[in-house]
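Try each task before you read its solution.

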Amino acid sequence: MKKLIATLLALVMVLSLVACGGGKSGEPVYAIICKDASNPYMSRMVQGFKDACADIGVTALEKSPETTSAEDQIAIINDLVAQGVKGIAIAANDAAALKATIKAATDRGIAVVTLDSDTEGSQMFVNQAGVKEVAQVLVDSVYDMTGGEGEFAVLSASSTATNQNAWIAAMDTIIKGDSKYAKLTWVETVYGDDESQKSTDEMQNLMTKYPNLEVVCCPTTVGVLAAAQVVTNNPDCGIKIAGLGLPSEMKDYVGEGKACPYMYLWNPIDVGNCSAYMIKAILDGKVGEVGTSFTADNEKTYDISAGDPAEKQIIVGPPFQFTGENIDDWANVY
Amino acid sequence: MSNTVLELRGITKIFPGVKALNKVQFNLREGEIHALMGENGAGKSTFIKVIMGVHQAEEGEMYLNGEKVNFKSTRDAQKAGIAAIYQHVTAYPHLTAAENIFIGHLKMRFGIVQWKEMYEEADRLLSELNADFDSHALMGNLSVAQQQMVEIAKALSLNARIIIMDEPTAALTKRESEELYRIALKLRDEGVAIIFISHRFEDMYALASRVTVFRDAQYIGTYNVDEITNADLIKAMVGREINDLFPKPQVELGEELLRVENLCRTGYFKDVSFSVRKGEILGLTGLVGARRTEVVQTIYGVEKLKSGKIFWEGKEVKVRNPSEAMKMGIGLLPENRQIEGLILDWGIGRNITLTELNSYVRGLFLDEKKENETSKELAERVDTKAVSVFDKASSLSGGNQQKVVVAKALGSDFKLLILDEPTKGVDVGAKAAIYEIMGELALAGYGIIMISSEMPEILGMSDRIIVMCEGRVTGELSREEATQEKILALAMDKQTSTTEGGAES
Amino acid sequence: MKNTKNKIPGKISGLLRSRESSLLLVMILLVAVIQWRSGGMFLTGTVITQLTQNYAYTIVLSFGMLLVLLIGGIDIAIGATLALSGMSTSLLMASGVITNPFLAFLFSILVGMACGWIIGVTISKGKVIPIIATLGLQYIFRGLTYMVSGSNWVSSDKMLAGYKSFAQGSFLGINNLFWIVIIMFVAMLVFLKWTSFGRQIYEVGSNPEAAKISGIHIDRVKIAVYTINGAIAGLAGAMYTSMYATAQGNMANGAEMDVIAACVIGGVSLNGGQGSATGVFLGAATIAIISKSLSLVGIDAFWQQALKGGIIAVAVLINVIVQRNAARRALERREI
Amino acid sequence: MATKSGRTISSVREFSAKSLLIRWEFLLILIFAGVNIMNISLSPYYLDAYNLFTNINGFLTKALVALPMAYILLLGEIDLSVGGNVCLSATVLGVVYNASGNIWLGILAAIAVGTLCGALNGLILTKFSELAPMIVTLATNIIFRGLSERILGDGSTGGMQKIEWFTQLYYGRVGNMVPYLFIIFCVLALVFGLVMHKTVLGRQMFAIGENSKAAEYAGIKVQRIRMLVYTLAGLICGITAVFYCSWMGSVKSNACEGYELEAISMCVLGGISTAGGKGTFTGAFIAIFIVGLLRYGLNLINLSGQTIRIILGALLIAVVLYPTIRDAIKNRKKAIK
């Protein structure tokens with residue numbers, strides 16, 4: 001009797017899983033790994049990546065961890081290496097932890113590029129916008145919104161997110177480097193971990209701790225949305241929100257007299273799109289040394305500059321400003 | 001006045017391996033206190049559980065005021081007006097006295113519990129029993145006597161016509177027992193029929209008009225209290241004459257093994273002193289609640305001692321845990337074999353070798369072959385009826401399980417063996433075998449402390465008898481001077497420690 | 001923290017009542033210290049409304065957990081149940097199936113109820129011990145939450161305006177979500193104290209064998225309690241998503257830890273039979289105050305987890321020490 | 001003391017193939033084979049030994065804590081603090097290394113902290129033996145994780161991947177094929193298995209799990225063994241932390257999330273009953289590889305992490321429900337007869 005159940009159990013497992021097995025066609029596979037599985041900004045990048053793969057004629061595959069943990073990303077890279085994918089584009093959750101695993105992949109001839117958030121060992125960082133350019137527009141918007149003087153705070157993503165930390169460091173050097181910004185006081189940097197609940201709590205704490213806070217700058221789409229909602233719910237707090245946000249989410253919070261006068265971002269779809277072409281470029285050996293430039297299959301030319309911590313990086317384009325007027329026509333794009 | 005309220009005929013109840021009730025009958029008249037007496041394991045408590053619907057009898061019928069009834073749970077019994085007060089009160093410790101009284105029949109109006117009304121009526125009932133606490137008190141904080149008053153109040157709140165009290169005075173002091181008598185008599189005068197289960201002749205004489213005796217799960221007879229003499233009642237309860245059932249070899253006593261001096265443990269026992277010599281069988285007896293088990297638990301190191309001294313072979317010792325006691329040479333065969341003495345799910349071989357595992361180690365690991373052989377030899381030495389050492393302990397009968405526990409003790413080189421109710425729940429045949437083993441152990445020079453509440457066993461097997469009552473040693477009798485009446489007298493009354501007293505023979 | 005009188009406690013100081021009065025005292029003391037340390041920033045209108053709004057759903061969850069702990073069980077899947085019900089409701093709103101906020105709340109409660117029922121049946125009929133059953137089902141419900149949403153969020157613009165505004169709105173000066181807490185608190189008080197089913201929960205928890213003998217269907221009580229707990233988790237799911245106006249896969253991750261902490265501080269015993277709605281309300285409020293006030297008082301938020309764990313440990317140890325003293329005193333009262 | 005009746009009791013355990021077949025391990029071997037067949041048929045890459053070992057290494061850190069967890073479950077208790085313990089020990093390793101610059105000091109500190117945390121659990125549980133292990137270890141888990149959050153603040157300690165030999169602890173392989181961690185794990189598992197089934201301590205643990213009252217009366221030092229087992233769990237957590245740092249190179253406070261729940265699932269799937277006293281170590285050992293390889297196979301066919309989570313949850317519930325279903329079928333059959 002028991003043996004019957006045992007064989008039945010094993011059989012059922014085999015059948016049910018074979019039925020929904022993945023495609024194993026001979027076509028080369030490019031994979032993309034995001035910070036976590038459910039971030040709307042990331043899903044736009046994946047969309048761009050898949051379009052590019054279709055143009056290039058390869059199968060696209062998205063595998064992301066549930067939580068923003070480097071541990072899970074390592075396991076996913078190992079799986080992809082085992083499946084023999086041709087290229088991996090990854091938004092890293094940690095600046096150092098993935099180094100050995102990426103090296104194991106590149107040793108096997110797999111092209112590994114980073115996008116959105118860089119890490120050691122990456123062959124190229126597809127930088128959505130130059131760190132300095134992003135920091136500059138953020139500092140300028142804080143300067144403009146405070147009228148040149150007053151308190152401001154920063155609500156960031158998770159404490160170990162490499163791109164946010166890079167922008168914050170750059171903002172700091174800009175403010176210290178130019179007397180124009182001397183009268184701005186940076187009261188605190190808090191971390192919302194890209195969770196709406198934590199970001200809301202942190203925003204509320206900022207409002208209570210600093211009564212005459214004027215601007216909160218959020219270099220992350222999750223933070224800027226949560227902050228804008230909090231400000232809209234307490235209209236008399238007089239705080240303005242600056243930062244990087246998705247037009248579709250922020251369309252009823254951006255504009256004159258609203259919580260967020262204007263904001264910046266770039267098209268995540270372009271970033272995903274470009275990273276696929278970068279993988280193709282590396283595999284075709286087109287990418288030269290730092291300082292040289294090359295044209296990828298999408299007929300765009302990119303010049304290679306020194307990256308940190310990745311050796312090489314390319315800039316997709318300058319940050320784009322969204323104001324009350326133009327946000328609506330971008331809202332349905334991304 | 002004399003119509004029958006409750007009648008039971010041909011009641012049989014079988015538990016795996018033992019027949020708890022064998023065609024017993026009983027009848028109770030209105031406004032009567034009817035005592036039900038018998039030794040431990042005679043089937044009294046099981047009989048009450050059958051009446052209350054906790055157990056369903058395999059055979060027999062029950063008639064309430066003439067009609068046939070069958071109860072599925074205590075709630076059915078309560079609805080029919082029968083309430084029970086158990087020896088270990090099964091109350092709800094976290095709830096108030098009032099709620100314990102109205103459990104199962106809370107006062108409701110439109111689905112809402114009427115607390116105010118319940119507290120008032122509970123207070124009324126408690127004051128009627130002149131309890132020294134009110135109905136807001138938490139059950140967990142009350143003493144056993146107070147909890148019993150709550151149970152009685154619960155019976156009254158059900159305006160039960162029949163109240164069953166199972167060993168109610170066991171854990172009560174003399175003053176509290178008299179209080180209970182007053183309440184019982186008052187209820188009787190109000191027409192309530194009471195079944196009063198007890199060991200104590202004292203209770204019977206004070207309350208009952210009729211007494212029924214059970215022995216070994218069978219109905220012996222019903223007598224009028226004022227017509228039966230004490231000796232006849234004891235003979236009915238005990239049944240067999242004290243004869244050669246007990247092969248007690250004459251053993252010349254060796255030097256003193258264990259001596260304890262005024263052991264105390266808060267809330268359990270006080271100033272307990274006695275000593276045991278090599279080859280001697282010391283009987284330790286008393287009624288339920290005399291705290292004999294707690295005394296040996298302290299000697300064996302399972303429980304901590306508050307004060308007092310223990311001397312082992314002349315030297316004072318501290319026993320902190322059972323393994324220290326075993327190293328010294330003290331072995332304990334605990335009272336409930338199934339929980340403390342054996343691991344039921346294990347084979348008898350593994351049970352036997354559990355205490356001396358270190359002696360079966362070869363190199364780093366256990367030598368299972370040696371283990372199996374030794375346990376086979378030990379099991380055979382005590383003549384255990386089992387097919388193989390791998391038979392599960394749970395598959396054996398009560399007597400054979402006790403033999404396995406004895407075999408376990410024989411595995412270690414003990415000098416003193418403490419047997420706590422060794423023949424409880426064991427059929428007559430196996431009892432004889434156990435007495436035989438005890439005799440052989442005494443001959444072999446072991447000191448033995450035997451705790452028992454069965455008079456014939458104590459009289460038959462002990463060289464000396466210590467009698468305890470409610471945590472105090474009330475007397476010491478040598479084998480020659482000991483009689484059942486003296487033992488019972490000492491066992492029943494704390495004050496009259498050595499003099500004659502209580503029931504006249 | 002609690003005094004058990006030597007003489008038989010009469011009406012005045014039942015064991016349970018003195019526990020809650022001491023808890024209230026501790027809470028008031030705590031607020032005073034925080035108010036002083038934070039330079040008066042704590043007791044302001046906005047902070048109190050934020051407090052009542054943000055932590056409304058944990059207090060509601062604590063009432064559900066109270067019922068489960070009272071019958072001697074445990075449910076560590078309430079975080080996952082909340083996430084599943086909140087997510088499925090938000091998805092239906094986003095796809096236009098649900099158009100009225102009241103219907104959204106109802107649907108969320110129904111989903112939670114179904115999860116609770118499954119847990120109840122697994123534990124009672126399936127005879128699985130509660131910690132393992134809810135451990136396994138937590139995996140399953142959390143996995144379903146991601147699967148149902150295709151592991152992407154429901155962003156605020158897709159949610160019903162009325163649904164979001166309900167969480168922000170207030171009535172007679174008190175935030176709507178906190179009204180749910182108040183109604184739940186009163187309902188729980190009445191249910192536990194005044195209905196026969198409520199008393200049965202205490203009976204099953206206080207002495208399961210006696211309850212079984214006296215004819216209570218233990219399995220039926222267990223299934224009912226876990227189903228109610230599931231429904232409450234569903235309600236909390238709706239409260240959560242309406243307040244934060246987004247539904248994420250990993251929302252309320254680890255909420256069960258705060259809820260157990262609240263119940264333990266509130267004097268609920270883990271072996272069943274002991275605990276009250278007032279105690280749990282005060283326990284949950286204490287946890288909320290501590291979490292909210294940490295950053296104001298200058299203790300950085302990183303102490304919060306360690307503090308919460310410490311509070312659970314201390315509360316449990318105090319319970320044990322108090323019980324030991326009571327048992328020892330009862331022994332001493334017994335004259336031999 | 002000659003036996004009068006002369007009855008003899010056999011002392012040889014008669015071997016019956018049937019008794020072997022109905023044992024839980026046979027069912028596990030079958031499931032193990034099923035998982036492998038499925039993986040092979042699903043993706044040709046599965047049989048590549050190098051990748052197989054890489055993946056096995058991935059779940060071995062979780063499996064390490066399953067070894068002492070089997071002992072704790074055997075005692076009929078539970079330890080929910082292993083995740084927090086490994087996280088705190090790893091944090092200590094990182095901080096001590098960065099402060100002193102000497103990795104050896106870091107390793108010793110991590111193992112010491114791990115063992116101490118385990119001993120803390122043991123101390124509380126033996127001094128207050130009426131406390132439920134679940135609530136105590138729940139609280140200590142939050143405390144351990146809270147302490148590591150406090151120490152790390154919002155950053156993380158790292159830089160351990162710079163030390164070549166230290167990273168070889170995890171990534172290093174014998175003959176470029178079999179990782180050191182795999183060998184160490186198998187040796188540890190063998191030791192744990194032998195202690196459990198073949199030594200005095202093992203037999204006493206079975207006794208405590210089956211009936212702790214009878215064990216106490218048989219002279220077994222119950223509280224001392226409980227203390228030993230929880231401290232041993234702490235020690236293993238310390239060792240696991242060393243491997244974790246060698247693997248990740250840096251530690252964040254949300255590291256090792258869910259290790260305890262994973263370890264419990266592996267043991268319960270392995271047949272170790274949550275009531276205590278039942279189960280074999282070989283079962284747990286096989287179950288560790290079943291869970292690990294099943295997850296690997298499902299990943300290979302790119303099932304989303306969530307579906308894998310659901311399948312593992314369902315497997316755990318199915319295993320625990322199995323005895324009840326089996327008895328229900330047996331009773332119904334008896335009723336029909």
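The expected span of a helix is 1.5 Å times one less than its number of residues. Keep in mind that this is a predicted model.

**Exercise 1. Helix H5 of chain C**

Task: Compare the reach of helix H5 of chain C with its expected span.

Solution: 
- Step 1. Helix H5 of chain C runs over residues 101-124, which is 24 residues.
- Step 2. At 1.5 Å a residue, 34 Å is expected.
- Step 3. From first C-alpha to last, the helix reaches 35 Å, close to that value.
- Step 4. Now check burial. A residue is buried if 20 or more other C-beta atoms lie within 10 Å of its own. In H5(C), 17 of the 24 residues are buried, so the helix is largely enclosed by the rest of the structure.

**Exercise 2. Chains that touch**

Solution: 
- Step 1. Chains A and B share no contact; their closest C-alpha atoms are 22 Å apart.
- Step 2. Chain C puts 22 residues in contact with 21 residues of chain A.
- Step 3. On this side of chain C, helices H2 (45-54) and H13 (277-297) each give two or more residues. H2(C) gives the largest share, 4 residues.
- Step 4. Sort that side by class: 8 nonpolar, 13 polar and 1 charged.

**Exercise 3. Chain D**

Task: Judge how compact chain D is for its length.

Solution: 
- Step 1. Chain D holds 14 helices and 2 strands.
- Step 2. Its radius of gyration is 22 Å, close to the 20 Å from the globule rule for 337 residues, so chain D is as compact as a globular protein of that length.
- Step 3. Burial: 57% of the 337 residues of chain D count as buried.

Key: Residues are numbered from 1 along each chain as its sequence is written. Chains are lettered from A and ligands numbered from 1 in the order in which they are written. This is a predicted model: local features need pLDDT of at least 70, side-chain atom pairs count only at pLDDT 80 or more; totals for chains, interfaces and linings use all residues. Two residues are in contact if their C-beta atoms, placed from the backbone, lie within 7 Å. Ala, Val, Leu, Ile, Met, Phe, Trp, Tyr, Cys and Pro count as nonpolar, Asp, Glu, Lys and Arg as charged, and the others, Gly among them, as polar. A residue is buried if 20 or more other C-beta atoms lie within 10 Å of its own, exposed if 12 or fewer, and partly exposed in between; C-beta atoms are placed from the backbone. The radius of gyration is taken over C-alpha atoms; the globule rule is 2.2 Å times the number of residues to the power 0.38.
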